[in-house]
Amino acid sequence: MKRINQYLIGLLILILGLDGGALHAQKSALVRANTILAENPLKAVKILDSVVRHAETKTLSVSWTLRGRAYYELCRVQNYSTKAELLDSIFISVQRSFNYLPDSNITKDNYILLRYISKRFYNMASLQLKDTTLMKSMAADKSNNAAALLKRYHANALTNFNKFKSIYETYFPNMDVRKYELEFYEALGSYFSYLFEKDNSNAEAGSLAKSAYLKVLQIDPNNVFANIQMGLLYYNQAANIIQKLNEDTPLEELDLVQDNLVKLGKQSEQFVSKGYQNDQNNLKAIEALFYIYRLLNDFNKSNEFKSLGLQKGLKLEETQPQK
Amino acid sequence: MFGFNPHVNFRIRLVLIGVLGSIAMSYRPPDFDPNAKLKALFIMNFTRYFEWPEAKKTGDFVIYLIGQNASLTNELKALAQKKKVGAQNIIVVNHTKMEKNQLAHMIYFTNELELQPISDAASKLRNKGVLLISEKPEACRSGSCVNFIYLENKLKFEYSYSNALKTGLKTNDDFKTLAATVIN
């Protein structure tokens, strides 16, 4: 409270030291907005939106930071769906505040706001990916809109994450954004892998999963999880092709189909082997390599990984017919 | 300039949710054997390229699978429910050993069996109209009609035209062109 009073006193001194009229009114508005921020953020926002449009106060960093603060308070009371826009408003306010040479206190507050919005953006991106109810409903959605929804959903998650990343990289250059980037893209890949697994005709989901894992591998080429997941996407793509074959598939076609299967199998092997090289105790890699070499009809290697898997307690016998 | 500090209680309590990786779903390979499915499709396709003796054109079309291969047996059974050979329903039977008086139209010998049971079957079933299928090197030289092989990671087959004739089957020349190797 003491510091608020100091701030109010500072504002009042400034107002008294200046000419009256419109400028005085704008400064008073600033003070008024500051006092009602917490209790009535919506009203504070309206006042400050007006203040930052006024010629005399739009070049004051305090106007913009206070506006950012008002949006921050509003963010805490508004419903979730509108928060992205509110966060954008905070960000714009902080950027503008920096343009008008803020003093150290305002700078400090700008950084507090930046930390807040960057984290909110990150959490929003990750919360979407953690929403298993939404995930299941998307997996079950066979409507014509499903692909469009999927793209929009993907775009939203990416947009939120990229905003987080951009703020971190610009304003917190000493922070390591890489670990969040890896974490986010791994989760993004898993999300779309899940959708692809539930509906293997959903090529869009498969493609989005691959692009997410490739992003992980771009950052960390030896990432075990992403290498294995990429490999499994290719393997499952091959398995899906076989699953779709029916009793009427002619012998001639089987040869052509196998060309494609071998290609996919080798792509799969390339990724999973790399994952395995970096973690030879990884059960998922061992299991995947057993399946991949079996798909490639390389039974020596398949048996090698089968023995290894059995030694490590994996159950690798598959007897389920195609559904 | 203002000594601006909006609120002392203006603290960001938000913590990055973090460890998103922990929600990474376990993406597993499908729970079926792709090789078994392919092999079953090959076997079902073989029915199109041979003509069985008149006596075997009635009743069920029987495929015997000798040895152990649960995945293949299941895949064959699944396909048999959807397919017929002419008007004949397809029945898939699995035995661990060769039985006497086989009335089968096709007998598939799994790869863990030695060559001897194949050559025994070839001599016993001469002119009985039974297509012998195997998955063993040199099996065509032991009497098998069709033998699965692997070339460049692909499932293919070698075909013994003469063994097929010996079992009393009428053959289709197109089949030769589909085989990786034709053995006479």
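This is a predicted model: local features need pLDDT of at least 70, side-chain atom pairs count only at pLDDT 80 or more; totals for chains, interfaces and linings use all residues.
1. Overall make-up of chain A. Chain A contains 14 helices and zero strands. Read from the N terminus, its elements run α-α-α-α-α-α-α-α-α-α-α-α-α-α. Of the 323 residues in chain A, 54% are buried. The chain exposes about 14800 Å², and carbon and sulfur atoms supply 51% of that area.

2. Contacts along chain A. Consider the contacts in chain A between residues at least 6 apart in sequence: 63% of them join residues at least 24 apart.

3. Helix H5 of chain A. This helix covers residues 83-99, which makes 17 residues. At 1.5 Å a residue it should span 24 Å, and because its end C-alpha atoms are 24 Å apart, the model agrees with that expectation. The buried residues of H5(A) are Lys83(A), Leu86(A), Leu87(A), Ser89(A), Ile90(A), Phe91(A), Ser93(A), Val94(A) and Ser97(A). After H5(A) comes Leu101(A), whose phi is positive, near 45 degrees.

4. Helix H10 of chain A. H10(A), residues 203-219, has 17 residues and reaches 25 Å from its first C-alpha to its last, close to the expected 24 Å. Its buried residues include Ala205(A), Gly206(A), Leu208(A), Lys210(A), Tyr213(A) and Ile219(A).

5. Leaving aside neighbours within four places in sequence, Lys165(A) is in contact with Val177(A) and Glu181(A).

6. Cysteines. How many disulfides does the structure hold over all chains? The count is zero. A disulfide is a covalent bond between the sulfur atoms of two cysteines. For Cys145(B), the closest cysteine sulfur is that of Cys140(B), at 7.7 Å, which is too far for a bond; the cut-off is 2.5 Å. Cys145(B) is buried, with a relative accessible area of 0%. Cys75(A) is likewise buried, with a relative accessible area of 0%.

7. Aromatic pairs. Over all chains, the structure holds 41 aromatic pairs. In one of them, the ring centres of Phe184(A) and Tyr185(A) are 5.1 Å apart; their planes meet at 75 degrees, so the pair is edge-to-face. Phe184(A) counts as buried at 0% relative accessibility, and Tyr185(A) counts as buried at 7%. Tyr276(A) and Phe305(A) also form an edge-to-face pair, with 5.3 Å centre to centre and 80 degrees between the planes. This pair links distant parts of the chain: Tyr276(A) belongs to helix H12 (residues 251-278) of chain A and Phe305(A) to helix H14 (residues 299-311), 29 residues apart. Both Tyr276(A) and Phe305(A) are buried.

8. An aromatic cluster. Ring pairs link a set of residues into a cluster, among them Phe91(A), Phe98(A), Tyr111(A), Phe164(A), Tyr168(A), Phe184(A) and Tyr185(A). Phe91(A) is also one of the buried residues of H5(A).

9. A charge over a ring in chain B. Lys176(B) lies over the face of Tyr161(B), at 3.9 Å from the ring centre.

Terms used
Residues are numbered from 1 along each chain as its sequence is written. Chains are lettered from A and ligands numbered from 1 in the order in which they are written. Side-chain values use heavy atoms; hydrogens and water are left out. Buried means under 20% relative accessible area, exposed over 50%, partly exposed in between (1.4 Å probe, protein chains only). Helices (H or I, at least four residues) and strands (E, at least two) are DSSP runs, numbered from the N terminus. Contact means heavy atoms within 4.5 Å. Accessible areas come from the Shrake-Rupley method with a 1.4 Å probe; for residues, only the protein chains shown count as cover. The expected span of a helix is 1.5 Å times one less than its number of residues. Rings of Phe, Tyr and Trp (its six-membered ring) pair if their centres lie within 6.5 Å; planes under 30 degrees apart count as stacked, over 60 as edge-to-face and the rest as tilted. A charge sits over a ring if NZ of Lys or CZ of Arg is within 6 Å of the ring centre and within 35 degrees of the ring normal.
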